[in-house]
Amino acid sequence: MHKSRIIIGCITLVLALSLLIPLVGCGGGGTTATPTATPTPTITTTPSSIVPSCTISSPAGTVQVQKGSTSPWTNAAAGMKLEIGDSLKTGSDGSAVLLFFDGSSMEVKANSQILVSEMSITGTGSTSIGLNQLVGNTINRVAKLVDSSSKYEVDTPAAAAVVRGTVFDLGVDENGDTTIKSEEGSVSFTASGETVTVDQGFESSAPVGGTPATPVLSPTPTPTPTPTPTPTPTMGYPGIGSQYVYKYTYGTEITQWTWTVTGNEMVAGVDCYILGAAFSPSLQRVDPLGSAFAITALTVWRSKQNLAQYKAVMEQSATTMNYVETYNDGTPNMFVVGSTWSFDEIQSNDNVVLSIPMSYEVSVAVGEEKITVPAGTFNCYKVEFNRGGSLAKTEWWSPDVTGSFVKAVDIGTYASTETQELVSYSLK
């Protein structure tokens, strides 16, 4: 029986994971990981200090996990980690996304089964990811790779494929026969000693024990009319020049931050308003592992329609961190009790190439809770951000304060809890 593998060169990782920050680490402003898993925001560590990981994101329908080869199958949950030897399978209504430590991802469709066979990173930053796709369909999005010794490999029962592009679809039927389609770049597809090149927009297939078919242009699917979605009620957004002043308490330190709406910009097709804050002197923070760093400026982009965060930039004394959120299930709505939504966040660094995937689950737990802060008493909606099954941050939003929250408590990003309380605000 022949095996198929998809191998992709990876970008060398040379940074330790960076901490999420208040108002920056997640949509709607929440960030964090548990103290034992929070990556350090400094850039003093070596690539070998990054722990290879595979995280389950956006599980829907029937999704199960098997730890090792003999353990029973159990239901998967967002934020669950897979290790070498672990398997994931989906039912007829199931789907999930696997997020890898190098920024790559595998979208697992219904009726599929995947085994994690390898995850490693060397001291020089070369990475290796190995997966066995036993059956089903996946979409693989692999981080841009420049290190020739890095690889992203998928084995199936039928053929071998070396991918030069960054996105490819892989299908394995119940007999093990394999079909591959290149969405970007080209693929060298080998079976029984014969190789064909599958260019972007083309596809090929190979039966178990057979040779690959001559690549053909992938058929264009007949477009299906998309129902017009019901628009989310507009919650109002602040005009340019609006300001929010917050009291920040971090351990024994108390500081005051002023956020100003500086403009408007489209982010991934979403119309956003921009909030910026600068600090002098810079803010000193310490992560749970004891590493200190300084923050000099923060900028966030929030949706005008639902106020959720879609982008953020944190300027540190030695580097700049970028955060981009992609929303999955549910529509953000800060003012409807029982609302739930989820999103994935990718962090990247301007000084060196870095891509860190993280997943969050958000819910509006309580409505009309009275919260008193220096700016007054407000009827608020309590919004909870969870990561890996644990509470990361809580925010309180009031319809009376357009564009930002009244209070936020971050319990895990830093060595001490950070609390943000609204002192005053002016809307334009």
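1. For reference, buried means under 20% relative accessible area, exposed means over 50%, and partly exposed is in between (1.4 Å probe, protein chains only). Asn111 is found in the loop between strand S8 (105–108) and strand S9 (113–121). Strands here are DSSP runs of E with at least two residues, helices are runs of H or I with at least four, and both are numbered from the N terminus. The phi of Asn111 is near 55°, a positive value in a residue other than glycine.

2. A word on what you are looking at: this is a predicted model, in which local features need pLDDT of at least 70, side-chain atom pairs count only at pLDDT 80 or more, and totals for chains, interfaces and linings use all residues. Residues are numbered from 1 along each chain as its sequence is written, and side-chain values use heavy atoms, with hydrogens and water left out.

3. How confident is the predictor? pLDDT is its confidence in each residue, from 0 to 100. The protein chain has a mean pLDDT of 80, and 81% of its residues reach 70 or more. Confidence is highest in strand S6 (residues 87–90), at 97, and lowest in strand S1 (residues 6–7), at a mean of 46. Over residues 4–48 the pLDDT is below 50, and this stretch has 223 contacts in the model beyond near neighbours in sequence. Residues 230–234 also have pLDDT below 50, with five contacts beyond near neighbours in sequence. A contact means heavy atoms within 4.5 Å. Where pLDDT is low, the predicted coordinates should not be read in detail.

4. Now the whole chain. The protein chain has 30 strands and zero helices. Of its 428 residues, 53% count as buried. Among contacts with a separation of 6 or more, 54% come from residues 24 or more positions apart.

5. Four of its five residues are buried, so S15 is largely enclosed by the rest of the structure. S15 runs antiparallel to strand S16 (residues 194–198), and five bridges join them; two strands pair if DSSP finds at least two bridges between them. Thr190 stands opposite Thr195 in S16. The hairpin of S15 and S16 has two residues between the strands, and Ser192 takes a positive phi near 50° there.

6. Please also look at Asp169, in strand S13 (residues 167–172). Asp169 is buried yet has no salt bridge, and the nearest side chain of opposite charge, Lys181, is 4.8 Å away. A salt bridge needs a side-chain nitrogen of Lys or Arg within 4 Å of a carboxyl oxygen of Asp or Glu. Not counting residues up to four places away in sequence, Asp169 touches several residues, including Thr138, Ile139 and Lys181.

7. Ala268 sits in the loop between strand S20 (253–267) and strand S21 (270–286). Ala268 is exposed, with a relative accessible area of 80%, and its phi is near 50°, a positive value in a residue other than glycine.

8. Finally, find Val423 in strand S30 (residues 418–426). Val423 is partly exposed, with a relative accessible area of 26%. Val423 and Gly376 are 47 residues apart in sequence and 8.1 Å apart in space, C-alpha to C-alpha. Leaving aside neighbours within four places in sequence, Val423 is in contact with Val245, Tyr246, Lys247, Pro374 and Ala375.

Definitions and conventions:
pLDDT is the predictor's confidence in each residue, from 0 to 100. Lys and Arg count as positive and Asp and Glu as negative; His and the chain ends are not counted.
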